[in-house]
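Biologist: I would like a close look at a single part of this assembly, the place where two of its chains meet. Please take me through it in one connected account.

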Amino acid sequence: MTAAFLYTILVLGGLGLVLAIVLFVVANKFKVEEDPRIDIIESVMPGANCGGCGFAGCRAFAEACVKSGNLDGKFCPVGGNAVMSKVASNLGVVLQEKAPMVAVVRCHGTCDNRPTTNIYNGSPSCRIISSLYSGETGCKWGCLGGGDCERACKFGAIKINKRSGLPEVDQDKCTACGACVKACPKSVIELRNKGPKNRRVFVSCVNQEKGATARKACAVACIGCRKCEKVCPFGAITVQNNLSYIDFNKCRLCRKCVDECPTNAIWAVNFPVKVPQQNNE
Amino acid sequence: MKKTFSMGGIHPHDKKISAESAIERFPVLSKAYISMSQHIGAPATPIVQKGDKVLTGQLIATSSGFISANIHSSVSGTVSAIEPYPDIAGNPVMHIIIDVEGDQWDESIDRSEEIVRDIKLTPQEILKRIADCGVIGMGGASFPTHVKLSPPPGKKAEILIINGVECEPYITSDYRIMVERPEEILIGARIMMKALGVSEGYIGIEVNKPKAIDVMKSFSASYPEIKVVPLKKKYPQGGEKQLIDAVTGRKVPSMGLPIDTGVVVQNCATALAVYEAVQKNKPLFEGVVTVTGDCTEQQRNFLLRVGTPIDALLNSVGRLPKDAAKLISGGPMMGKAVSNISAATVKSTSSLLVLTSEQTLRKEEGECIRCAKCADACPMGLEPFLLNKLARAGRYADLERERVYDCIECGCCMYTCPANIPLLDYIRISKADVLKILRSRPK
Amino acid sequence: MRKLLVSPAPHIHGNESTRKIMRDVLIALSPSLVVSLYFFGVSAIELVLVGALACVSVEYVIQKYLMKVKPTINDLSAAVTGVLLALNLPPSAPWWVMLIGSVVAIGVAKMSFGGLGHNIFNPALVGRVFLLISFPAIMTDWSIPDSWFRDGVDAASGATPLSLIKEGLSSGMTLEQIQAQNPNLSYMHMLFFKTGGSVGEVSAIALILGFIYLLVRKVIRPHITLSILVTIAVVSGIFSLCDPQQFTDPAFNILTGGVLIGSIFMATDYVTSPMSTRGMVIYGVGIGFITVMIRYFGSYPEGISFAILIMNSFVPLLNKYVKPKRFGRR
C-alpha cells in the first residue's frame with residue numbers, strides 16, 4: 001500500500017519537476033525583450049480593441065506610441081483626452097487636446113419623409129444593397145437601413161430604429177471611433193464635434209441631386225437652395241453639388257440656418273426648446 | 001453518355017415557354033435611351049451633341065480605353081439630351097436620349113436578306129471591324145469582343161467554342177437564333193476562327209434543345225471545321241469554365257483565363273453580331289430579347305433595338321399580371337432584378353422575365369444543418385457554407401485561402417440550400433473585397 | 001404601379017427545406033417502425049411516441065424559455081432525434097428511461113451547443129450512451145414484451161446475437177459451439193425480423209429499405225454508410241480468416257447489432273458528419289474500424305455507438321483539413 005503511494009508521489013512529483021525545468025529553460029531562452037512602457041501604456045488604454053485609432057488594437061497602438069516616441073497622428077478616440085494625457089505622461093510628451101467628437105447620421109429619410117418605391121428582399125446589409133442597386137427609395141444617396149453601422153459598432157451606440165428605418169446614435173455611448181463611418185457605403189455618417197453641452201447643428205442630408213429631384217424623393221432633402229449659405233454670419237456653410245455642408249469648426253450654433261431651411265434639412269440638437277421640429281429621440 | 005462539366009451543378013426546372021414563338025420585330029418607339037455603359041470597362045464618350053440629327057446605325061459614342069466599346073444609334077432622329085438617366089438598378093448613368101423620326105439607316109449597312117458566305121477581310125481587318133461596330137459579348141458579361149479575340153502576347157488560341165447552351169430556365173433568345181439563323185452563326189464562328197487563327201471550332205448545345213442541335217448539325221455539314229457538341233442538361237453549363245470543361249475536358253486554372261487553356265468562348269448571339277458586323281457592316285444596335293414569365297399573358301421573342309424602355313417591352317406581352325412581383329433582366333439564376341421599369345435595354349439584354357412572389361420571394365433563413373448540399377452543387381469545388389460564414393465575419397485571409405475568388409456567382413449553392421441561407425449574397429461581396437486586396441498587393 | 005421586389009441573384013430556389021429532409025428521414029425509418037410494431041407490439045410504439053414527443057417538447061421549452069428564440073420544432077429535427085433514440089433502446093425499456101434519454105439528447109447534446117447545426121455529437125447517440133452507462137441493467141435487458149401480432153413461440157431467446165457470442169467466448173466456448181447452442185443465429189433470422197436487440201435493429205431488410213429511400217430522395221450520399229460497411233467487412237474478414245473460432249465473420253458483423261441503423265441513420269447525420277466526400281470516407285473507415293475493435297476486444301458486445309461518437313469528435317478536424325477537390329487545381 002505505502003509503496004504504491006510512494007511510487008505515485010515520486011513519479012508524478014518527478015514529472016512535474018522535470019516539466020517545470022523544461023518550461024523555465026525554454027521561457028528564458030525564447031524571452032522577448034520589450035520596452036516595459038508598452039505594457040504600461042496598454043494598461044491605461046480602454047482595451048476595446050476597436051481599431052478606431054487606425055491600429056490593429058490597443059497593444060498595437062501602444063507599441064506604435066513607444067516606437068515613435070511621439071503622439072503625432074495618434075489619438076485614441078474611445079479614451080479621449082483623459083486616456084491620451086496618461087499616455088502622453090508615460091511617454092514624456094505634451095498632449096494636444098482634441099475636441100470630443102460624435103457620430104452624426106446625416107439622413108432623415110424616414111418612411112414618411114421618403115416613401116419606398118420597391119421592396120428589398122435580400123440580405124440585410126447596406127454593402128449588398130448598395131452594390132446591387134440604388135435602394136428601396138427614390139433617393140440613391142441616403143441611408144439604406146441595412147444596419148451595417150449597427151453591426152460595426154463595438155459599443156452598442158448606434159441602433160436602427162425599427163419605426164423610422166434609420167440609425168440613431170446614443171451620444172453617451174458613442175466614442176467616435178469611426179467604425180460606423182467606415183462601414184457606411186453611402187457615407188451618410190460623419191464624425192462631428194460633440195459641441196458645447198452636446199449642442200450641434202448639421203445638415204441631415206447627403207443627397208446631391210438637383211433640388212426638384214431630391215425633393216421628389218424625400219420631403220426633408222437638402223435642395224441646395226443656398227438660403228442657409230447666405231444667412232450664415234460666420235461663413236460656416238458651403239453648398240457644393242446641390243448639397244449644403246456646415247463646417248463644425250466655424251459654426252457658432254446661432255441656428256439662423258435652421259429657421260431658414262425650407263425643407264427642414266438642417267437639424268439643431270440638444271438646444272433648449274425653441275425650434276419646434278427638433279427632437280433627438 | 002453525353003458530355004458535361006466535371007463537378008457540381010444543379011438541375012433547375014426546364015421551362016422554356018417562349019421556345020416556339022418565332023422572333024418578331026419590335027416596333028421602334030418615339031424615344032430611345034442609349035446608355036454609355038453597356039459593356040464592362042470605361043463608359044463610351046459621346047461624339048454627338050444635343051440637337052444633332054442621327055441615323056440608325058450611326059456612331060454616336062466612341063470607345064474610351066482599351067476595354068471599352070463603340071456605341072451606335074439604334075434609331076434615327078434628333079438627340080434631345082445627353083444626361084444621366086437611371087439604369088435598371090436606379091443608378092444614374094450617362095445616356096444619349098434620341099427623339100425618333102422615321103427609321104432611316106446609315107447607308108453603309110447592307111440590309112439585304114442575302115447570306116454573305118465569303119470572308120474577304122484579313123484577321124486584322126476583322127478585329128478592327130468588330131471593334132468599330134461595337135460588338136460585345138452577349139452572354140451576360142458584356143466584355144468587348146475584339147479584346148477577347150486578341151489573346152495577350154505569349155498566349156495562343158487553339159479552339160473556339162460557340163456557347164449555345166442557354167442553361168438558364170425561361171430564356172429562349174439564343175435558341176431562336178440558332179433555329180432561325182443557323183448559317184449566320186456558323187459564318188460568324190468562322191470569322192472569329194479566322195481572326196484567332198484557329199482551325200478547331202465547337203458549338204455546345206444542351207440536349208433539351210433537340211431542334212437547335214438538328215438544325216445546327218445539318219448546316220454545319222458545309223462547315224466541317226465546326227462541330228456541334230450535344231451536352232447533358234446541367235446548370236451552369238453556360239459558364240465559360242464549365243463549357244470548356246464539358247466540351248474539351250480542359251480545366252481553366254484557378255485565377256486564370258480561358259485563354260490559358262487555349263480556348264476562346266463566344267456566345268452564339270455574339271457570333272451572329274460578328275457576322276452582321278463583318279459581312280453586313282451592321283453595328284450592334286439590336287438583338288433578340290425574350291419576354292416571358294409564367295404569369296404573363298404571352299411569352300414572346302423580339303428583335304429589339306437597344307435603348308427601348310422596359311415598361312414598353314412589358315406592355316407588349318399583355319398587361320402586367322396582378323401577381324407579378326419581380327422583373328429580371330436575364331435569367332432567374334444570374335439575372336439582375338429591375339427596380340426601375342423606365343430604364344432602357346442595353347446591347348446584352350437577352351431576356352426580361354416576370355416572376356410571381358410565390359416563385360421568387362425568399363423564405364425565412366434557418367440554421368445551417370451542415371448538409372453540404374451547397375458544396376456538392378458548387379461547380380468550382382468550393383465550400384459555400386464556409387465562405388458564407390467567413391464572409392459575414394470579415395475574415396479575408398481565410399477567404400483567400402478558401403479560394404473565394406474562384407466563385408463564378410452561379411447561385412447553385414443558394415438554390416440548393418435547404419435552410420434558405422442567402423449564401424451568395426455575402427460571398428459575392430467578400431469575393432469583390434478579396435479581389436481588391438489581391439490586386440492591391442505588390443506582385 | 002405596385003412595388004417590385006428586388007434582391008440579388010439567384011431569384012429562384014430549389015424548394016428543398018430542412019423540414020422536407022427530416023420528413024424523408026422519418027419516412028425512411030417507417031419500415032423499421034412497422035417491423036418493430038409487429039415484433040415488439042405496443043411497447044415499441046410507446047417508446048417511439050414518448051421519444052418523439054419528449055424531444056420535441058424539450059426543444060420547444062428550451063428555445064422558448066431559456067434561449068428566448070423562436071422555437072423551430074417545425075423543422076422536425078427533434079422528432080427525428082426522438083424516434084432514433086427510441087429505436088436504439090431495448091423494447092422492454094420503461095417510458096421514463098426514454099424521457100430521461102430525450103432530455104439528455106436534446107437538452108445536453110443538442111441545445112447546449114446552440115441547437116440544430118451546432119452540436120458536435122449525434123444527440124440520439126449521446127442519449128443512448130448516457131442511458132447505457134446510467135442504467136446498464138435496463139439497457140441490456142433484451143427480454144421481449146408480448147405482442148398482439150405474434151405468438152411467442154418462435155421468438156428469439158431474448159439475448160442479442162452479439163451478447164450471446166460475447167458471453168460464449170468469454171466462457172471459453174468456440175463460435176461453432178455457440179452456434180450449435182443457438183439455432184437463431186442464422187443469417188436468415190438476422191435479415192428478417194428475428195434477431196433480438198433494440199427496437200430499431202430487428203430487421204436488416206427494413207433498414208436497407210430506408211437506406212434505399214434516402215438515396216433515391218438524395219437525402220444522403222452513400223459514402224459514409226458504404227465505407228463503414230466495407231471497413232467492417234474487411235477488418236472482420238481479416239480477423240476471422242486468422243482465427244474463425246474466435247472472431248465472427250463479416251456477414252455476421254454487418255447484420256447484427258446496431259451496425260445497419262448506425263451506419264444508415266446515425267453516422268450520416270448531417271450536423272455531425274464531415275462535409276467533403278473524402279472526409280466522409282475517412283470518417284466511415286474510422287467508425288468501421290473502431291466498431292470491430294470494440295466488438296472483438298472491448299468489454300461491450302456492441303461498439304458502433306461509441307465508434308460514431310468518437311469519430312464525431314474528429315469531424316471539425318476533417319472539415320478543416322480535408323477539402324473538396326477544387327476546380328482548376330491539380
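How many residues of chain B are in contact with how many residues of chain C, and what makes up the interface between these two chains?

Modeller: The model is a predicted one, and in it 64 residues of chain B are in contact with 37 residues of chain C. The area buried between chain B and chain C is about 4,400 Å², and carbon and sulfur atoms account for 56% of that area. On the side of chain B, Ile369(B), Arg370(B) and Tyr415(B) together supply 15% of the area that this chain buries against chain C, which is more than any other three residues give.

Turning to the polar side of the interface, 23 residue pairs are in polar contact between chain B and chain C, counting pairs in which both residues have pLDDT 80 or more. Six salt bridges are found across the interface of chain B and chain C, and the side chains of Glu402(B) and Lys323(C) meet in a salt bridge with an N to O distance of 3.3 Å. Several elements of chain B give two or more residues to the side that touches chain C, among them helix 6 (240–248), helix 11 (384–393), helix 13 (412–416) and helix 14 (423–440). The largest share of that side, however, comes from strand 15 of chain B, with five residues; this strand spans residues 324–329.

Conventions
Residues are numbered from 1 along each chain as its sequence is written. Chains are lettered from A and ligands numbered from 1 in the order in which they are written. This is a predicted model: local features need pLDDT of at least 70, side-chain atom pairs count only at pLDDT 80 or more; totals for chains, interfaces and linings use all residues. Side-chain values use heavy atoms; hydrogens and water are left out. Contact means heavy atoms within 4.5 Å. Buried area is the accessible area (1.4 Å probe) that two parts lose on being put together, summed over both. A salt bridge is a side-chain nitrogen of Lys or Arg within 4 Å of a carboxyl oxygen of Asp or Glu. A polar contact is a pair of N or O atoms within 3.5 Å; within protein, one must be able to donate a hydrogen and the other to accept it, and residues adjacent in sequence count only if both atoms are side-chain atoms. Helices (H or I, at least four residues) and strands (E, at least two) are DSSP runs, numbered from the N terminus.
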